[in-house]
Amino acid sequence: MPSLFEPFTLRGMTTRNRIWLAPMCQYSCFAQDGMPNDWQLVHLGARATGGFGLILTEASAVLPNGRISPQDAGIWSDDHIPGWKRVTDFVHTQDAKIGIQLAHAGRKASTYGPFDPEEGTSVAPDAGGWQTIAPSAVAFTGLAEPAELSVDEIAEVVAAFGAAAERAESAGFDAIEIHSAHGYLLHEFMSPLSNQRTDQYGGSFENRTRIVVEVVDAIRAVWSQDKPLLIRFSATDWFEGGWSTEDTGALTKLLVDHGVDLVDVSTGALVREAKIEVGPGYQVPFARAVREFSGMATGAVGMITDAQQAQQILDEGSADVVFIGRAALREPSWPLRAASDLEIPWREAGYPTQYLRGAWRNEPRWR
């Protein structure tokens, strides 16, 4: 059995394979209340029937002002629990595991989503948006200037992550991923490019990463000890003077002792002006570097599109799991095709019984 299809265990969670669905924004809570609906059920459910080992939800805001767009999903209220429970219950019927990505968008919040012609620009408060917040009053290029958080307000954000984790427990999630990448709030604190504070949350590496450690501790205090905690980092800002791969390795190594089990290694998105060298598997070397420096399990993501490529990432020791994103949007059953490409007998690929007649077959047809 290729290692891509071997089970993988973190704490008390074992996934059926090492092909995990990357968190991807859906912008489909059209009532603007953060409530998961039929779209989340069908979108995530289809990937569960499609063979993914772990399903990760889209970025789900821990506070209303943490949404990227007004149409983002959330988990800032107990009212969100039943909708998410409906999704987790179905995913579990398909022998898959499911995690929720907890997020706060910081200065990149309150923007128009892809269904609006003003996509990617700020939604003004009088048009249904809100005042954004950040470590410093430094705007992301093209977006409204955020308000600098006070120390008391930072504590409220940390507490919101902890409260969201309690709701995730009630909703039946198997894992939590903290979104500390892509230029959103926690990443904004980490990078000197966006954090110009002079108090205990700015300046030194220890100060700039303080909120991340506090969020991890707040979640671990309420999250089951037998359930894994993941974190997503942008390993580099791709910009001089910004957050670096060495910084990512150092913070990851620190978080081992705070109960983080795996780091999902992405890159970029803090500054619009960054020059990113994009290509197949372009972020995989960063996952390898972080894995080697910290000793923590890693997940690789970024233009991973075929089975042989994914298997090679594991074979060369660059990561422990692979996250499939855009390829999974094109093909919800990506793992089932990958099993055929790697010559795994279709009976062992994990098809739902209802789909066996449509299996990719690399042996004589079953009747």
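**Cysteines, burial and fold**

Me: Why is the sulfur of cysteine 25 too far for a bond with the closest cysteine sulfur?
Reply: The closest cysteine sulfur, in cysteine 29, is 11 Å away. A disulfide is counted when a pair of cysteine sulfur atoms lies within 2.5 Å, so cysteine 25 does not qualify: its sulfur is too far for a bond. Seen from cysteine 29, the closest cysteine sulfur is that of cysteine 25, again at 11 Å. The count under this rule is zero disulfides.

Me: What kind of model do these values come from, and which pLDDT do local features need?
Reply: The model is predicted; local features need pLDDT of at least 70, side-chain atom pairs count only at pLDDT 80 or more, and totals for chains, interfaces and linings use all residues. Residues are numbered from 1 along each chain as its sequence is written, and side-chain values use heavy atoms, with hydrogens and water left out.

Me: Why does tyrosine 27 count as buried?
Reply: Its relative accessibility is 19%, and the limit is under 20%, so tyrosine 27 counts as buried. Tyrosine 27 lies in the loop between strand 3 and helix 1 (38–49); helices (H or I, at least four residues) and strands (E, at least two) are DSSP runs, numbered from the N terminus. Although not a glycine, tyrosine 27 has a positive phi of about 50 degrees.

Me: What makes serine 110 buried?
Reply: A relative accessible area of 1% makes serine 110 buried. Serine 110 sits in the loop between strand 5 (97–103) and strand 6 (133–134), and has a positive phi of about 55 degrees although it is not a glycine.

Me: Why is arginine 18 said to have no salt bridge?
Reply: The nearest side chain of opposite charge, that of glutamate 6, is 4.2 Å away. A salt bridge needs a side-chain nitrogen of Lys or Arg within 4 Å of a carboxyl oxygen of Asp or Glu, so buried arginine 18 has none. Lys and Arg count as positive, Asp and Glu as negative, with His and the chain ends not counted.

Me: What does the side chain of arginine 18 reach?
Reply: The side chain of arginine 18 reaches the backbone oxygen of serine 3 at 3.4 Å. Arginine 18 is in the loop between strand 2 (13–15) and strand 3 (19–21). Beyond neighbours within four places in sequence, its contacts (heavy atoms within 4.5 Å) include Ser3, Glu6, Leu314 and Asp320.

Me: How do you know that helix 6 is largely enclosed by the rest of the structure?
Reply: Eight of the 11 residues of helix 6 (residues 210–220) are buried, so the helix is largely enclosed. Among them are Ile211, Val215, Ile219 and Arg220.

Me: What radius of gyration would a compact globule with 367 residues have, and what does the protein chain have?
Reply: The globule would have a value near 21 Å; the protein chain has 20 Å, which agrees. The radius is taken over C-alpha atoms, and the globule rule is 2.2 Å times the number of residues to the power 0.38. The C-alpha trace spans about 70 × 45 × 40 Å along its principal axes. Of the 367 residues, 60% count as buried.

Methods:
Buried means under 20% relative accessible area, exposed over 50%, partly exposed in between (1.4 Å probe, protein chains only). A polar contact is a pair of N or O atoms within 3.5 Å; within protein, one must be able to donate a hydrogen and the other to accept it, and residues adjacent in sequence count only if both atoms are side-chain atoms.
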